Amino acid sequence: MRIGLLSFAHHHSQAYLERLQSIPRVAWIGAADDDAGRGRRLSQAGGAQFFSSFEDLLGQKLDGVIVCAETARRRRAVEMAAAAGVPVLCEVPLATTAADARAMVDACQRAGVALAPAFPLRFSPAIRSFKQDLDAGKLGRPLAFNATNCTAPPLEQRAWYADKALSGGGALAGNAAHLVDLLRWLLGEEAAEVYARTNHIFAGGAYPVESAALEMITFASGVFASLDLSWSRSELASPWSGLKVEMVSERGSILAHALHENVEHFAALDTSGCWLPLGGDLNQAMLAEFTGAIAASRPPAVSGLDGLRAVEVMEAAYHSVEEGQPVEVLRY
Amino acid sequence: MRVGILGAGFMGKAHLAGWAETGAEIVGLASRTASGAAPLAAQYGAEAFPDLESLLPLVDIVDICTPTHLHYAMTLQAIRAGRHVVCEKPLARTTEQARHMLQAARAAGVRLLPAHVVRFFPQYVNARNQVMAGEIGKPGVIRLLRGFYRPKKPVGNWFLDEEKSGGILMDLMIHDYDYARWIAGEVESVYARKITGYWPEAPVEYGLAILKHRSGALTHAAGAWAYPPPAFRTSLEIFGEGGLLAADAGNDAPVNDLLDMPPAEAPDIGLPVTEQMEDPYTVQIQELYTAILEGRDCRVTAADGLAAVQIAEAAEQSARSGQAIVLDLLPEVTGDAEVEK
């Protein structure tokens with residue numbers, strides 16, 4: 001299988017490249033990047049053949065493409081992939097506007113190619129097991145959620161996350177989609193209304209985008225969920241350690257601190273700790289599923305529509321921030 | 001000074017134990033459910049009284065530990081008699097009532113102090129000291145959680161009678177609105193939801209509130225009556241520009257009891273127990289008493305009690321209306337309300 005990586009703008013791209021190398025069915029990897037210097041450097045480091053344009057890469061008889069461009073540039077990349085007839089795995093949020101996300105879904109539908117949003121949480125064994133129990137009625141009827149997806153500011157890695165024109169916003173744009181998708185998936189229903197508040201306090205207000213964001217989503221059935229998306233954690237914390245979900249059901253409460261199985265390691269002479277993650281790698285599982293679906297000519301587990309729904313909620317959230325009141329989620 | 005406690009329920013008992021550690025003379029305990037009052041009063045060398053009126057002439061301080069909806073009338077009655085008042089949270093059921101209480105106390109020249117005991121819990125105090133010392137810079141996000149099981153009471157369960165108690169968004173979560181304000185200052189707007197808001201007969205209750213402070217800080221408060229007895233959890237996280245403070249009373253408790261306790265054995269209401277040398281309830285009563293006795297400032301004021309009621313009322317209103325509620329500026333809170341003399 002021949003896989004192309006469109007842009008290294010998103011910092012996950014490096015991890016994706018590394019994981020792809022260990023998927024047996026992937027025989028060849030190519031990469032392209034608007035930032036040629038970055039593209040060459042990271043292609044070489046990751047064992048991918050570098051191409052100087054998206055067009056060149058898409059001409060390489062690819063079986064699948066992974067889009068890691070800046071958020072505002074994902075639409076163009078996905079439309080190009082669709083035009084080339086290549087299925088796409090696209091970083092989230094799919095786009096900075098719901099209209100763009102809708103256009104991406106439509107383009108792929110028309111071209112008859114799959115569009116899969118990159119939601120690695122769907123591949124967490126702990127979360128999948130939780131959903132199984134939930135669906136089987138073992139946990140009782142879900143009534144409310146208290147969820148966080150707090151991270152360190154990703155700006156050390158890529159400055160564009162703080163450029164609203166490219167990112168669509170700060171902490172909310174960067175962190176909400178994964179939780180929104182998780183909640184939609186667990187509940188099997190759509191968000192009806194969103195309330196959101198943000199501030200710019202962390203890092204002394206240095207970022208032009210919001211660095212703290214709290215959302216409250218109300219679903220059609222009345223179930224409500226709060227989401228904390230803030231850039232409030234330290235770089236020293238383990239990946240995904242800021243992901244916590246408390247679900248309250250008629251039977252009580254379950255607190256999931258997913259992906260928290262780590263061994264904490266502090267070297268004796270080193271004051272900073274590091275984390276040695278245990279358990280499977282979610283990116284690996286997600287990429288394996290994407291490439292597996294291509295190989296088997298079946299639709300991927302997560303659809304373009306799921307990606308679009310998350311963008312709709314994000315858009316409503318930003319409107320709510322402006323208006324100071326909850327806003328109805330509009331469907332495209 | 002002489003003190004009389006009003007209410008022989010769980011809070012009355014906790015306060016009595018606190019007063020016994022002060023130099024105050026415990027004169028009496030007044031309760032309508034007099035059967036519980038007499039033996040309890042005797043334990044402290046005090047008398048049982050059937051009502052506030054009979055107790056009033058004999059005391060200098062009244063400590064009100066009755067259900068929320070009774071605070072207003074009882075406080076005004078005590079103030080009219082020229083007595084100082086300590087009053088359990090919430091200070092009153094409504095902002096209007098709390099404002100009248102403040103104004104009456106000022107006019108009469110007596111002290112009115114709300115018993116917001118979380119301000120006396122070591123983790124909460126310690127965290128605030130760190131914030132005030134600048135250890136984490138300006139607070140950006142505050143996350144607070146307080147969770148117990150559904151309180152059980154005999155017939156006439158006033159906790160569950162929202163008109164009287166204000167429901168979870170007031171009765172339980174007011175602790176955290178007060179604490180959030182103590183950390184990050186005045187609150188500008190409130191948005192809240194609770195389970196019984198859309199399913200009144202739900203077997204569990206959970207409330208979530210998002211507070212926006214005038215400073216820009218955001219507070220996320222969660223309240224639960226949803227855990228199995230006798231579980232309780234309280235936690236705080238304060239995220240600042242330069243660091244994070246976190247304390248989790250469920251996990252940090254010296255002994256974590258995961259034993260299954262039959263409901264009959266579970267205490268009436270969940271109250272966090274601490275292994276600290278000093279019981280926070282006792283420290284609280286001691287500080288409130290000293291403040292009254294010596295005419296001194298205290299870490300909490302009547303204006304704080306009023307501000308917390310205002311936030312709580314707004315949270316209830318938000319959950320009912322589905323809208324975010326913007327708080328009016330209250331002169332009693334924003335003015336020179338630091339010292340109640």
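Let's start with contacts. Take the contacts in chain A between residues at least 6 apart in sequence: 70% of them join residues at least 24 apart. Keep in mind that this is a predicted model.

Now the overall build of chain A. It has 10 helices and 15 strands. Its C-alpha atoms fill a box of roughly 55 × 55 × 40 Å along the principal axes.

Of the 332 residues in chain A, 60% count as buried. The chain exposes about 12,800 Å², and carbon and sulfur atoms supply 51% of that. On charges, chain A has 28 positive and 37 negative ones.

Let's move to aromatic rings. How many aromatic pairs does the structure hold over all chains? The count is 10. Here is one of them, A:W28 with A:F51. The ring centres are 5.9 Å apart and the planes sit at 65 degrees, so this pair is edge-to-face. The pair links distant parts of the chain. A:W28 is in strand β2, residues 28-32, and A:F51 is in strand β3, residues 49-51. That puts them 23 residues apart. Are these two buried or exposed? A:W28 has a relative accessible area of 18%, so it is buried. A:F51 has 10%, so A:F51 is buried too.

Now a pair in chain B. The rings of B:Y179 and B:W182 have centres 6.0 Å apart and planes at 65 degrees, so they are edge-to-face. Both residues lie in helix α9, residues 174-184 of chain B. They are three residues apart, about one turn of the helix. Why does that spacing matter? An α-helix has 3.6 residues a turn, so residues three or four places apart point the same way. B:Y179 is buried, with a relative accessible area of 1%. B:W182 is buried as well, at 12%.

Last stop, helix α4 of chain B, residues 71-80. Which of its residues are buried? They are B:H71, B:M74, B:T75, B:L76, B:A78 and B:I79. What covers them? The cover includes strands β1, β4, β5 and β6, plus helices α3 and α5, from chain B. After α4 comes B:G82, with a positive phi near 80 degrees.

Key. Residues are numbered from 1 along each chain as its sequence is written. Chains are lettered from A and ligands numbered from 1 in the order in which they are written. This is a predicted model: local features need pLDDT of at least 70, side-chain atom pairs count only at pLDDT 80 or more; totals for chains, interfaces and linings use all residues. Side-chain values use heavy atoms; hydrogens and water are left out. Helices (H or I, at least four residues) and strands (E, at least two) are DSSP runs, numbered from the N terminus. Buried means under 20% relative accessible area, exposed over 50%, partly exposed in between (1.4 Å probe, protein chains only). Contact means heavy atoms within 4.5 Å. Accessible areas come from the Shrake-Rupley method with a 1.4 Å probe; for residues, only the protein chains shown count as cover. Lys and Arg count as positive and Asp and Glu as negative; His and the chain ends are not counted. The place of a charge is taken as NZ of Lys, CZ of Arg, CG of Asp or CD of Glu. Rings of Phe, Tyr and Trp (its six-membered ring) pair if their centres lie within 6.5 Å; planes under 30 degrees apart count as stacked, over 60 as edge-to-face and the rest as tilted.
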